[in-house]
Amino acid sequence: MRRFVIFAAACTALIGALLALLVLVFPGDEVRRALITSAAVALVVQLVAFAVARAMAQRNVIAGWGIGVALRFGALGVLALVAAPGLGLPLTASLLGLAVFLFVSTLIEPLFLKS
């Protein structure tokens, strides 16, 4: 549980810092709304993927990580096909933001998966 809380805090800080940077680089209210939505989705997806990987760590960590990868791609697909159009968000900003948030926060995941 402790590793999950530390990972959640690290992910939140990393995604928050990236969000602040992207909002400065890409101005506009609609783009900001898309990036904030993408950041929230990325945080939830990362936490679920990490929980799955940790739960599967004793049996097969690669399978758990593979399930996490499938969740991430699924989140991109749902955002692209359902959420962004349904919420009226700019598709490019939404998908670029989500991809960046997921990619960078996935890079720190192995540090917390060690037993």
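1. A quick word on terms before anything else: helices are DSSP runs of H or I with at least four residues, strands are runs of E with at least two, and both are numbered from the N terminus. By that rule A80 belongs to helix 3.

2. Some ground rules. This is a predicted model, where local features need pLDDT of at least 70 and side-chain atom pairs count only at pLDDT 80 or more, while totals for chains, interfaces and linings use all residues. Residues are numbered from 1 along each chain as its sequence is written, and side-chain values use heavy atoms, with hydrogens and water left out.

3. Overall fold. The protein has 4 helices and 0 strands, so the pattern along the sequence reads α-α-α-α, given how DSSP runs are counted here. The C-alpha trace spans about 45 × 25 × 20 Å along its principal axes. The radius of gyration, taken over C-alpha atoms, is compared with a globule rule of 2.2 Å times the number of residues to the power 0.38. For 115 residues, a compact globule would come out near 13 Å, and the protein's 14 Å agrees with that.

4. Burial. I'm using "buried" for under 20% relative accessible area, "exposed" for over 50% and "partly exposed" for anything in between (1.4 Å probe, protein chains only). On that scale 32% of the 115 residues are buried. The areas themselves come from the Shrake-Rupley method with a 1.4 Å probe, and for residues only the protein chains shown count as cover.

5. Salt bridges in general. Side chains of opposite charge can pair when their charged atoms come close. The cut-off here is a side-chain nitrogen of Lys or Arg within 4 Å of a carboxyl oxygen of Asp or Glu. The structure holds 3 such bridges.

6. Start with the pairs in helix 2 (residues 29-55). R32 bridges to D29, with the closest N and O atoms 2.6 Å apart. Both residues sit in that helix, 3 residues apart, or about one turn. D29 is exposed because its relative accessibility is 55%, whereas R32, at 35%, is partly exposed.

7. R33 and E30 make a salt bridge too, at 3.2 Å from N to O. Again both partners are in helix 2, with a spacing of 3 residues, about one turn of the helix. R33 counts as partly exposed because its relative accessibility is 36%, and E30 gets that label at 41%.

8. The bridge I'd look at on screen is R72 to E109, where the closest N and O atoms are 2.7 Å apart.

9. On to surface patches. Members need over 30% relative accessible area and no salt bridge; like charges are joined within 9 Å, and nonpolar side chains (Val, Leu, Ile, Met, Phe, Trp, Tyr) within 5 Å. For charges, Lys and Arg count as positive and Asp and Glu as negative, with His and the chain ends not counted. The place of a charge is NZ of Lys, CZ of Arg, CG of Asp or CD of Glu.

10. The positive patch consists of R2, R3, R54 and K114. R2 is part of helix 1 (residues 2-25) and counts as exposed because its relative accessibility is 68%.

11. There is also a nonpolar patch on the surface, made of L21, L24, V25, F26 and L96, with about 510 Å² of accessible area together. Helix 1 gives the most to this patch, with 3 residues. L21 is located in helix 1.

12. Finally, two C-alpha separations to check in your viewer. A80 and S38 are 42 residues apart along the chain, and their C-alpha atoms are separated by 11 Å; A80 is partly exposed, at 21% relative accessibility. R33 and A75 are also 42 residues apart along the chain, with 17 Å between their C-alpha atoms.
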